[in-house]
Amino acid sequence: MKLFKKILIANRGEIAIRVHRACKELGVPSVAVFSEADRNSLHVLLADEAYCIGPAASRESYLNLHKIIEVAKKSGADAIHPGYGFLSENEDFAEACQKAGITFIGPSVHAIASMGDKLAARDLMKKAGVPCVPGSDGPVSSPDEIRALIKKVGFPVIIKASAGGGGKGMRLVKSEADLESAIRAARSEALSYFGDDKVYVEKYVTNPKHIEIQVFGDGHGNVTHLFERECSIQRRHQKIIEEAPSPALSNETRMAMGEIAVKAAKSVSYQGAGTVEFIYDIDTKDFYFLEMNTRLQVEHPVTELVTGVDLVQEQILVAAGERLSFSQNQLKQNGWAIEARIYAEDPITFMPSPGKIVRCRHPQGPFTRIDSYVYPGYEVPMHYDPMIAKLSTWGSDRREAIDRCQRALDEFILTGIKTNIPLHKRILQHDKFLKGDFSTHFIEKDFDGFDKLFTSIDDRVFLITAAIEAYNEQKSQGVWDLNLVSNWKRLGRRLSLR
Ligand code: MV4
């Protein structure tokens, strides 16, 4: 049976490679696209066929839907996998694919649109019997409307942009004094970011975990869930570590959350991979629907490792009209998985650190998975997301998965740029992390290891080696990147290595 003639992968980096691998394994040729900044990217080097789609700026390349559809037609691709980010949740793109007779590997235009409008999604979920955070029934525009609501739910409340999501256009209101300025700020931010100043209000959950459920639907009315992922270790809405299962959930809550996520997905006849995002109140153990993400997520490997399901292959099969290859009662969570996102950034200041990678050796070993797109000599471009790799490990229990992850992080060699690997090592040693005792505020409130990131002899030797390599690299090229030199100097001072 022929799934597709060819699949175009409308993305870059590790996810383009991940999708390419699924295509290969299913015997479907894949087509890569790339920007001018990505000529030497691994997703291009691995591809059988690759097309330049424009300049470095995403807007002119990876977000240029006309160009991408043109390349699909030219190359004979009859399906497009959007990966995550970029065009993956763009209903206009899904519709343009449909009009061009190309299968969009993802949910329907209707499902993307329903979930993209957060207020409409909230409304839809309430009608479907999915628990939502107590708050406004529709958009609010005046402080008085919010005051009436606060009479019912109390302070604090949070104002959210309807067109937002992922944390943009949100404002916390702790007391009456914040109210007027918060609503003004939320609306103007929403207008400038999304061109839509519609906002709504929810009671603010002060001590939450972020727990999401992986769901999957096919075109035959079947929808199942593949349990939860714990995603609370984050900073400013950028996730750092994810795991499955969540150390916080009782089996009862897990099953209830799964059933509710399926209900949410069924209400929009969901097809393909999706994620229902919940906020879990640590103090009351209540959970509420926040958003549904209508794409494959970055952290999908932890679900793959504990369920044994290849989520990307499944996306392709379902998009080709197949039935889901599993039923709910065939799925179970086996053991524990943890994912550390490796970012090209300063682990203390979180400033991006693009540039040329000098030495690069990925960890290997038992139950150790790497999704990466970097190699020695590769220059990490400044134009895109700083995530360069994901390290995922599996263990029969949580401690084994964590110990393996720590071991693998110790094996990681990446020099020439700065990465957050030292930060990961410290988080995995933190008492509260090890106990599973953490909320979404962990990095800002509980993590106290920033001054201890480079204290072991190993870390110092590594840093000195990296500095010498960067120095030699630049000397051999006869150029000085003053920024890089000053970064290393600053690090040296921090380590008293002057
Ligand atoms: C909230 C909340 C507390 N109470 N809603 C952030 C991203 C977007 N999906 C919704 N977000 C939040 N909504 C209520 N009613 C706290 C957050 C939040 C958050 C949620 C998940 C993961 C990290 C977060 C970091 C800050 C705030």
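This is a predicted model: local features need pLDDT of at least 70, side-chain atom pairs count only at pLDDT 80 or more; totals for chains, interfaces and linings use all residues.
User: Before anything else, what do buried, exposed and partly exposed mean here?
Analyst: Buried means under 20% relative accessible area, exposed means over 50%, and partly exposed is in between, using a 1.4 Å probe and protein chains only.

User: Okay, and how much of the protein is buried?
Analyst: Of its 498 residues, 55% count as buried. Residues are numbered from 1 along each chain as its sequence is written, and side-chain values use heavy atoms, with hydrogens and water left out.

User: Got it. How does the radius of gyration fit with a compact globule?
Analyst: It agrees, because a compact globule of 498 residues would have a value near 23 Å and the protein has 23 Å. That radius is taken over C-alpha atoms, and the globule rule is 2.2 Å times the number of residues to the power 0.38. The C-alpha atoms fill a box of roughly 65 × 60 × 45 Å along the principal axes.

User: What's it built from, in helices and strands?
Analyst: There are 17 helices and 20 strands. Both are DSSP runs numbered from the N terminus: helices are H or I with at least four residues, strands are E with at least two.

User: And which domains is it divided into?
Analyst: Domain 1 covers 7–105, domain 2 covers 134–203, domain 3 covers 208–450 and domain 4 covers 451–494. Those bounds come from an automatic or database domain assignment. Taken over C-alpha atoms, the centres of domain 1 and domain 2 are 37 Å apart.

User: Switching to single residues. Is H43 buried or exposed?
Analyst: H43 counts as buried because its relative accessibility is 4%. You'll find H43 in helix α2, residues 42–46.

User: So what is H43 in contact with, leaving aside neighbours within four places in sequence?
Analyst: Its contacts (heavy atoms within 4.5 Å) include N11, R12, G13, F34, D38 and Y62.

User: How about K2, buried or exposed?
Analyst: K2 counts as exposed because its relative accessibility is 62%. K2 sits in the segment before β1 (7–9). K2 and A320 are 318 residues apart in sequence, with 8.9 Å between their C-alpha atoms.

User: Where is N329?
Analyst: N329 is in the loop between α11 (311–319) and β14 (336–343). At 71% relative accessibility, N329 counts as exposed. Its C-alpha is 9.3 Å from that of T224, which is 105 residues away along the chain.

User: Which bond is cis, with omega about -10°?
Analyst: That's the one joining F155 and P156. P156 is in the loop between α7 (143–153) and β6 (157–165). The peptide bond from A244 to P245 is cis too, with omega near -5°, and P245 is in the loop between β11 (238–244) and α9 (251–266).

User: And which residue has a positive phi near 40°?
Analyst: F86, a residue other than glycine. F86 is in the loop between β4 (79–81) and α4 (91–99), and counts as partly exposed because its relative accessible area is 27%. H237, not a glycine either, has a positive phi of about 70°. H237 lies in the loop between β10 (223–235) and β11, and is exposed at 51% relative accessible area.
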